[in-house]
Amino acid sequence: MTKPILAPGETQEQLDAFEARIQRGEKIEANDWMPAEYRRQLIRMISQHAHSEVVGMLPEGAWITRAPSLKRKTILIAKVQDEAGHGQYLYHAAETLGISREEMVDALLSGKAKYSSIFNYPTLTWADIGMIGWLVDGAAIKNQTMLAGCSYGPYSRAMVRICSEETFHHKQGKEMIVMYAQGTPEQRAMAQDALNRWWWPAMMMLGPHDADSPNSGVLTRWGVKLKSNDEVRQEFINEHVPELLEAGLTIPDPDLYQDENGDWKHGPINWDEFWSVVKGHGQMNRQRLEARNAAHDEGAWVREALEAYMNRTPAQAAD
Ligand SMILES: [Fe+2]
Ligand SMILES: [Fe+2]
């Protein structure tokens with residue numbers, strides 16, 4: 001496991017005491033001593049996670065006006081709103097580490113910050129909304145359940161709240177796809193097409209193989225990551241493959257098989273595609289950033305109004 005390097009001013013005693021706390025399963029809180037590298041890694045992870053929740057609203061938000069029934073529309077509105085709330089909890093958790101909201105938002109809007117690769121794929125049909133709930137929220141829950149046990153208190157507590165809401169997202173997606181998979185030939189074809197397009201991106205969103213995951217060592221040592229990317233991916237596949245097959249769908253992986261331990265084993269993942277999307281060359285990277293920038297600009301009056309309200313004089317406040 002990667003041995004952490006001390007930053008200037010940090011002592012071995014401080015690091016030992018910090019690591020002993022993590023070993024005992026204690027949560028690290030915002031005002032506790034922590035290595036600069038722990039702070040840096042957490043800011044990176046939590047802000048990326050917050051950005052993913054916020055950008056994650058875009059592919060699904062695009063279908064709110066086109067939902068096929070009032071019931072589906074209200075479910076989708078509630079889900080998209082939940083994702084905004086998740087972004088909010090996570091930005092708050094990152095702020096406890098000393099980064100400002102403005103810095104994080106600027107990094108997102110300028111294209112400097114990363115967010116989950118999955119949201120750079122387009123939502124082409126209504127079935128994509130169900131498939132995202134089932135697979136993307138399903139994969140996110142596996143990752144987030146792990147993070148609910150992480151060593152940093154504010155991140156861990158945000159995850160507990162988020163996971164309870166994600167469970168509903170997952171259920172509504174599964175319910176929708178199972179229904180279409182047993183519906184008319186058109187509905188079945190639409191569900192299968194959505195699976196064909198979302199299966200591999202969902203597998204990729206759990207991150208590179210352990211050997212190619214540069215930050216994993218120190219994050220594991222400090223109790224931020226309690227499982228490796230491949231372990232989380234295995235949990236995801238083991239849960240979802242039998243359910244997708246039971247729904248009558250075909251998983252677009254000719255090499256998929258179940259081994260003697262009951263684990264489902266997947267074929268090779270196209271990591272070139274993953275890295276290309278991460279580096280900004282996905283189908284929707286440019287549109288997502290444009291949409292976020294437009295939303296930010298259109299919301300300027302709200303921020304100005306809030307600021308004016310905060311800066312009101314005592315006489316204005318008494319009015
Ligand atoms: Fe979420
Ligand atoms: Fe979600």
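**View 1. Helix 6 meets helix 10 in this predicted model.** On the helix 6 side, the residues in contact are Leu-135, Gly-138, Ala-139, Lys-142, Asn-143 and Met-146. Val-232, Glu-235, Phe-236 and His-240 face them from helix 10. Sorted by class, this contact holds five nonpolar, three polar and two charged residues.

**View 2. The axes of helix 6 and helix 10 cross at roughly 135°.** These axes come within 10 Å of each other. Helix 6 is therefore oblique to helix 10. The crossing of helix 6 past helix 10 is right-handed.

**View 3. Helix 6 packs with helix 7 at an angle of about 150°.** Helix 6 covers residues 127–147, and helix 7 covers residues 153–181. Their axes lie 7 Å apart. Angles over 145 degrees count as roughly antiparallel, so helix 6 is roughly antiparallel to helix 7. Here helix 6 passes its partner, helix 7, in a left-handed crossing. The residues of the contact between helix 6 and helix 7 comprise 14 nonpolar, 10 polar and three charged.

**View 4. The largest nonpolar core contains 64 residues.** Met-131, Tyr-155, Ala-191 and Ala-202 have the most contacts inside this core. Several helices each supply at least two of the core residues. Among them are helix 2 (36–55), helix 3 (57–61), helix 4 (70–95) and helix 5. Helix 7, helix 8 (185–204) and helix 10 (229–246) also each supply at least two. Helix 6 gives the most, with 10 residues.

**View 5. Ala-202 is one of the residues with the most contacts inside the largest nonpolar core.** Ala-202 touches Ile-118, Leu-135, Val-136 and Ala-139. Residues up to four places away in sequence are not counted here.

**View 6. Asp-106 sits in helix 5.** Helix 5 spans residues 101–109. Asp-106 has 13 C-beta neighbours inside 10 Å. A residue counts as exposed with 12 or fewer such neighbours and as buried with 20 or more, so Asp-106 is partly exposed. Cys-163 is shown for distance. Asp-106 and Cys-163 are 57 residues apart in sequence. In space, their C-alpha atoms are 27 Å apart.

Notes:
Residues numbered from 1 in each chain as written. Chains lettered and ligands numbered in written order. Predicted model: local features only at pLDDT ≥ 70, side-chain atom pairs only at ≥ 80, totals over all residues. Axes fitted to C-alpha atoms, helices over the stretch in contact; angles between N-to-C directions. Helix = DSSP H or I, 4+ residues; strand = E, 2+ residues; numbered from the N terminus. Parallel < 35°, antiparallel > 145°, perpendicular 65-115°, else oblique. Left-handed = near helix turned anticlockwise from the far one by under 90°. Nonpolar A, V, L, I, M, F, W, Y, C, P; charged D, E, K, R; others polar. Core = buried A, V, L, I, M, F, W, Y, C linked by C-beta atoms within 7 Å. Contact = placed C-beta atoms within 7 Å.
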